Amino acid sequence: MTDIPLAARTGRRARPSKFLSFAVIGALLAVLLVFFVLPVVWLLLAPSKTAGQITHDNPLSFGSFGRIGTAWQHLFDFQDGVMAHWLLNSAIYSGGSLILTLAVSITAGYALALTKFRGRKTLLTVTLVTMIMPQATLVLPVFLELNRFHLIGTVWSVILPFSFYPFGVYLVYIYFGSSLPRDLLSAARMDGCNEWQLFTRIALPLAKPVVGLVAFFSFVGNWNNFFLPYLVLPDSDQFPVQVGLNQLLTSTPSFNPVAGAGLNITIPELSLAIVVAILPVLVLFLFSQRTLVSGMLAGATKE
């Protein structure tokens with residue numbers, strides 16, 4: 001006992017390493033603050049100021065609530081209120097495709113997990129390969145297919161591709177394959193339930209967490225999708241809000257010198273448009289946190 005140094009017995013040598021750990025964590029948090037938090041704070045404060053105040057005043061200062069009202073009026077007066085049409089279009093595209101996504105993903109995931117048929121492994125492999133492919137690689141063949149069926153410029157040119165969601169199929173497959181009690185299904189079969197009753201009365205009610213998870217990720221992905229609607233929708237009145245933001249950007253003199261000065265679209269209006277565009281997703285996230293957490297834990301244990 002006497003041969004052990006006093007510093008080793010008291011643990012003083014651990015203090016420098018602990019201080020170094022706190023320093024690394026503090027530096028990492030500072031980097032995250034600079035690159036992620038401060039831009040969000042600036043975005044929320046920008047609509048409260050004029051374009052001149054944004055340029056010359058403190059970037060994180062607050063202007064006035066009256067200026068927010070002015071920016072709101074300018075934004076929704078742009079092209080006779082087209083911003084409201086863009087928001088409505090995004091809700092229609094995302095909501096319509098969500099219904100089809102859930103109908104396809106849940107049934108397909110259930111079939112892949114609990115039924116045996118020829119080509120099942122091949123279909124699952126194709127689903128996985130398609131899931132990891134970048135979406136941009138499929139835009140050209142999807143565009144040609146939509147053009148072949150004369151769907152370009154219609155609401156179906158957005159809803160049908162949005163409904164194709166292999167990631168949702170794989171999530172449901174994992175859940176049903178690992179968390180659905182087989183004994184419960186066997187008991188229901190003994191009681192006379194057919195396969196459709198097993199799915200609708202037993203499997204589907206138990207799958208509410210993963211259904212909520214698929215619905216959230218599908219809706220958010222469709223709401224934020226830009227590339228496909230930009231290609232297949234030629235009319236400004238058909239744009240979702242993400243494509244509309246691009247048109248607002250080209251109408252802002254700060255980013256496009258040839259834009260008309262009388263459009264009243266400046267940096268505050270553009271910042272407010274971004275906040276309005278992300279607000280539905282933020283509200284959806286705040287009201288669905290419990291479902292998201294339970295859905296992420298679904299399938300973590302095997303029955």
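**Entry 1: helix 15**

I began with the bend in helix 15, which is about 35° at L279, with a proline, P280, following within four residues. I took the bend at a residue as the angle between axes fitted to the seven residues ending there and the seven starting there. Helices (H or I, at least four residues) and strands (E, at least two) are DSSP runs, numbered from the N terminus.

The model is predicted, so I noted that local features need pLDDT of at least 70, that side-chain atom pairs count only at pLDDT 80 or more, and that totals for chains, interfaces and linings use all residues. Residues are numbered from 1 along each chain as its sequence is written, and side-chain values use heavy atoms, with hydrogens and water left out.

I then looked up the span of helix 15, residues 267-287: its 21 residues reach 30 Å from first C-alpha to last, close to the 30 Å expected at 1.5 Å a residue. The expected span is 1.5 Å times one less than the number of residues.

I listed the buried residues of helix 15, among them I267, P268, V275, V276 and V281. Buried means under 20% relative accessible area, exposed over 50%, and partly exposed in between (1.4 Å probe, protein chains only).

I found L124 in helix 6, residues 120-132. L124 counts as buried, at 15% relative accessibility. Leaving aside neighbours within four places in sequence, L124 is in contact (heavy atoms within 4.5 Å) with L112, Y170 and Y173. L124 and Y173 lie 49 residues apart in sequence and 9.3 Å apart in space, C-alpha to C-alpha.

I next examined the packing of helix 6 on helix 9, residues 166-179: the angle is about 125° and the axes are 8 Å apart. Axes are lines fitted to C-alpha atoms, for helices over the stretch in contact, and angles run from 0 to 180 degrees between N-to-C directions. Helix 6 and helix 9 are therefore oblique to each other; angles under 35 degrees count as roughly parallel, over 145 as roughly antiparallel, 65 to 115 as roughly perpendicular and the rest as oblique.

From helix 6, residues including R120, L124 and M131 take part in the meeting with helix 9, whose residues there include P166, F167 and Y173.

**Entry 2: S163 and the whole protein**

I placed S163 in helix 8, residues 156-163. S163 is buried, with a relative accessible area of 12%. Beyond neighbours within four places in sequence, S163 is in contact with S97, L100 and T101.
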